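User: I want to go through this model term by term. Please set each label against its definition.

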Amino acid sequence: MKEKITVNKQYLLPFLKEDYHVYQAKVKEIHNGLIAKTLLGSDFLGWLDLPVNPKTEEINFIKDFSKKIRKEKAYLVVIGIGGSYLGAKAAISFLAKPFSSSKVIFAGYNTKGEYLEGLCKFLQNKDFYINIISKSGTTLEPALSFRVIKNLLAKKYPDTWKERIVATTDKARGALYTESVNNGYTKLVIEDNVGGRYSVLSAVGLLAASVYGINIDKLLKGALDAYKDLLNPSLDKNDAYFYAVARYMLYKDNKVTELLINYDESLNYLSEWSKQLFCESEGKDKKGLLVGSMSYTTDLHSLGQYVQDGLRNVFETIYNVENVSTDYLISEDDKNYDKLNSLAGKHFKDITGAAMQGVINAHTEGGVPNIIINIPSKNAYCLGYLFYFLEKACAISAHLLEVNPFNQPGVESYKKEMFKLLGLLK
Ligand code: PA5
């Protein structure tokens with residue numbers, strides 16, 4: 001049977017002040033507007049069709065490039081920030097086995113010289129390639145990191161360094177585009193109608209994912225099935241739309257902070273990706289939920305106190321992985337100093353299950369609504385499905401708030417100030 005992302009409403013419905021079906025007509029209107037491309041931000045709806053019309057030539061290049069670089073046992077340094085790196089980082093973290101090493105390294109998402117110094121030292125005696133990703137081609141953090149790492153590459157491979165760079169950028173504009181054309185780098189295109197945080201299912205996310213070893217056909221198949229499943233606008237059939245409405249209803253009820261919860265820290269970057277998706281899409285015009293994230297049970301011993309007893313303006317959305325592939329058995333101990341022999345024979349997943357149910361009981365009793373997003377397994381198919389599910393939910397949710405989901409005017413403000421200080425603004 002097909003694995004689908006679903007929402008468990010059990011710990012949410014008692015908190016809703018009205019029947020969620022009152023939003024059905026509005027959601028249908030938004031749904032139709034997305035299809036007809038008549039809503040605010042409609043120039044940026046290319047992501048909707050990414051799983052339906054994958055660019056075959058580009059995908060073939062990605063697969064061949066990955067094969068080559070994996071065969072050479074070389075590293076790939078992915079340079080980007082925000083939507084230009086979080087999707088791939090989330091995918092790799094989600095699917096990586098604990099303590100496994102990765103040949104995909106991320107850079108350009110900060111302004112830390114110490115990080116770059118360490119990275120350059122690390123790369124000195126390694127073979128590596130660069131994937132520089134920037135839609136605008138002018139973002140300062142990746143541009144500066146690119147300078148540094150490109151210099152190292154050019155020193156290491158004086159004759160072939162240009163062949164070791166893949167630039168993922170606009171098809172006709174920007175500094176990175178111009179440099180790529182002049183230097184003959186391999187180019188992958190971010191289409192005009194696909195914004196950064198909605199680009200994980202394009203070359204932006206796929207190249208690094210594939211180099212890591214993720215089956216991108218399965219990833220795209222999951223997204224394609226989500227595309228098909230989420231064409232039904234009924235709130236009772238479309239859990240992404242239900243999730244959007246639930247968030248909106250809670251927001252209207254002054255639950256203005258959404259906490260993304262996982263019980264598996266390999267989902268932490270999925271939370272980071274989701275935080276960007278939702279906050280950058282919705283936080284404007286003095287509106288929007290502030291989305292934070294926590295990993296339980298770790299954070300129950302710190303921030304959990306606030307969730308249980310603090311200001312009652314929060315709700316939790318749990319990213320729940322239903323089936324774990326490997327687990328550890330708790331064994332009998334002769335001495336039983338810790339008095340835990342009654343747990344012998346159980347697996348750690350049983351402990352996690354009890355922890356999760358216990359936390360749900362305690363937090364809902366404490367007045368915190370819980371939405372559970374069920375993820376059947378940690379595999380590429382479910383991840384592709386989930387990426388698309390959350391993107392669609394976010395578009396609906398932002399339109400319920402009557403904001404443009406696809407711009408980020410607030411991000412530009414800090415850039416302007418920083419550029420002024422650096423003397424880069426004429
Ligand atoms: O979602 C977005 O558009 C942003 O977060 C961008 O991804 C981020 O600012 C990086 O921009 P660029 O790819 O132009 O360097």
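Analyst: The sheet, the cores and the strand pairings follow in turn. This is a predicted model, in which local features need pLDDT of at least 70, side-chain atom pairs count only at pLDDT 80 or more, and totals for chains, interfaces and linings use all residues. Residues are numbered from 1 along each chain as its sequence is written, and side-chain values use heavy atoms, with hydrogens and water left out.

User: What makes strand 5 and strand 6 a pair?

Analyst: Two strands pair if DSSP finds at least two bridges between them. Strand 5 (residues 165–169) and strand 6 are joined by four bridges. Thr168 stands opposite Leu188 in strand 6.

User: In what order do the five strands of the open sheet lie?

Analyst: The order is 3-2-4-5-6, with parallel pairing. Strands are DSSP runs of E, at least two residues long; helices are runs of H or I, at least four; both are numbered from the N terminus.

User: Why are strand 3 and strand 6 called edges?

Analyst: Strand 3 (104–107) and strand 6 (186–189) each have a single partner strand, so one side of each is left without a neighbour in the sheet.

User: What makes the largest nonpolar core a core?

Analyst: A nonpolar core is a set of buried Ala, Val, Leu, Ile, Met, Phe, Trp, Tyr and Cys residues joined through side-chain atoms within 4.5 Å. Buried means under 20% relative accessible area, exposed over 50%, partly exposed in between (1.4 Å probe, protein chains only). The largest such set has 99 residues; Tyr243, Phe389 and Leu390 have the most contacts inside it. Helix 13 (residues 380–400) gives the largest share, 16 residues.

User: Why does this core lie between domain 1 and domain 2?

Analyst: Both domain 1 (6–41 + 222–400) and domain 2 (46–219) give residues to this core, so it lies between them. The domain bounds come from an automatic or database domain assignment. A second, separate core has 22 residues, including Ile105 and Tyr157.

User: Why is strand 9 called mostly covered?

Analyst: Strand 9 (residues 314–323) has ten residues, and eight of them are buried. Six bridges join strand 9 to strand 7 (residues 257–262), in parallel. Glu258 stands opposite Phe315 in strand 9.

User: How many bridges does strand 9 share with strand 10?

Analyst: Seven bridges link strand 9 to strand 10 (residues 370–377), in the parallel sense. Tyr319 has Ile373 in strand 10 as its bridge partner.
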